[in-house]
Amino acid sequence: MIKEFPLESDVKLAGCDTPGEKGTVIALHGLTGNHKTFYHYRKLLENEYRFITYDLRGRGNSSPADEQTSLFQHAEDLKAFIAKNEITRPILMGYSMGAYICAQVASETDVEALILLDGAGTTEERQRGLILPSLSRLEKTYESPDDYVAQTRKIYESLHIKWDDIIEDIARYEVKKAAEGYRHKSESSDMEKDFNSFYEFHPKKVFEKISCPILLVIAIGKLGEKESLFTKETYTETISAAKEITTMEVPANHYTLLFEKQPEVEESINAFLHNL
């Protein structure tokens, strides 16, 4: 069931909030994702931990993106969300862009722990070439939700993602009725602004200010026939600047890390949280 979280009088966030007693995990998705992408990690942690995940502004059923949208604006939203909901020392979990946002917030507020799923490193120009072409699907008009799902499936399978009912549910949530046909709920221009803000994120400055334990998961698998989105070298500054960090490399690629169940990662997350 989708829950609405009022943030300001004219801003709402949409997502899910499941109960738990051990603490609160707030999970933020990637550039063009939505809260449903955390299906496997929510199933891992819900019931034990309160698990909250929401659509970033400009995605899903949340309010439109800020005119000057950036990962830093999303970080301000997260800080406001934590304060408004009176959450004390949350555990922040971020995937891809969500990892950048969560790291930024962890450098400015008191959090219990930080879990980074392939994100919050140094962004290079090569990532621009891997990510921006994928935004073209946001600009298209589709005949029906089924048409959008079918075309999205082709893209995902080219990236070696195993399509299933969970991913189909995520895809159907992304699409809306437009004046003519159907379109993705997000605007590609907003996504490009958010991506460009990655280059203003300086890991050394951010991670020197983070005092909580960190788990960093690096996905080294290829994106179909293309190279991995990030590499261990992407995280050189992140790792050297962090005070208390555990890192692991996994053979999953950047997308299968989220869309497919990852037993090794789940085991590491459980161990990491157990040791807090």
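How far is the sulfur of Cys212 from the closest cysteine sulfur, and in which residue is that sulfur? The closest one belongs to Cys102 and lies 10 Å away, which is too far for a bond. Keep in mind that this is a predicted model, where local features need pLDDT of at least 70, side-chain atom pairs count only at pLDDT 80 or more, and totals for chains, interfaces and linings use all residues. Residues are numbered from 1 along each chain as its sequence is written, and side-chain values use heavy atoms, with hydrogens and water left out.

**Cysteines**

- A disulfide is a pair of cysteine sulfur atoms within 2.5 Å, and by this rule the model has 0 disulfides.
- Cys16 is in no disulfide, since its nearest cysteine sulfur, that of Cys102, is 15 Å away.
- Cys16 has a relative accessible area of 9% and is buried (buried means under 20% relative accessible area, exposed over 50%, and partly exposed in between, with a 1.4 Å probe and protein chains only).
- Cys212 is buried too, with a relative accessible area of 5%.

**Salt bridges across the chain**

- Side chains of opposite charge can pair when their charged atoms come close.
- A salt bridge is a side-chain nitrogen of Lys or Arg within 4 Å of a carboxyl oxygen of Asp or Glu, and the count here comes to 21 salt bridges.
- One of them joins Asp17 and Arg50, whose closest N and O atoms are 2.7 Å apart.
- Asp17 sits in strand S2 (residues 11–18) and Arg50 in strand S4 (residues 50–54), so this pair ties together parts that are 33 residues apart in sequence. Helices (H or I, at least four residues) and strands (E, at least two) are DSSP runs, numbered from the N terminus.
- Both partners are partly exposed: Asp17 has a relative accessible area of 22%, and Arg50 has 23% relative accessibility.
- Another salt bridge brings together Lys36 and Asp169, at 3.1 Å from N to O.
- Here the link is between distant parts of the chain, 133 residues apart: Lys36 is in the loop between strand S3 (24–28) and helix H1 (39–45), while Asp169 is in helix H6 (residues 165–174).
- Lys36 is partly exposed at 22% relative accessibility, and Asp169 is partly exposed at 40%.

**Another pair and a network**

- Lys204 and Glu208 also form a salt bridge, with 2.6 Å from N to O.
- Lys204 is partly exposed at 45% relative accessible area, and Glu208 is partly exposed at 39%.
- Through salt bridges that share partners, Lys3, Asp17 and Arg50 are joined into one network.
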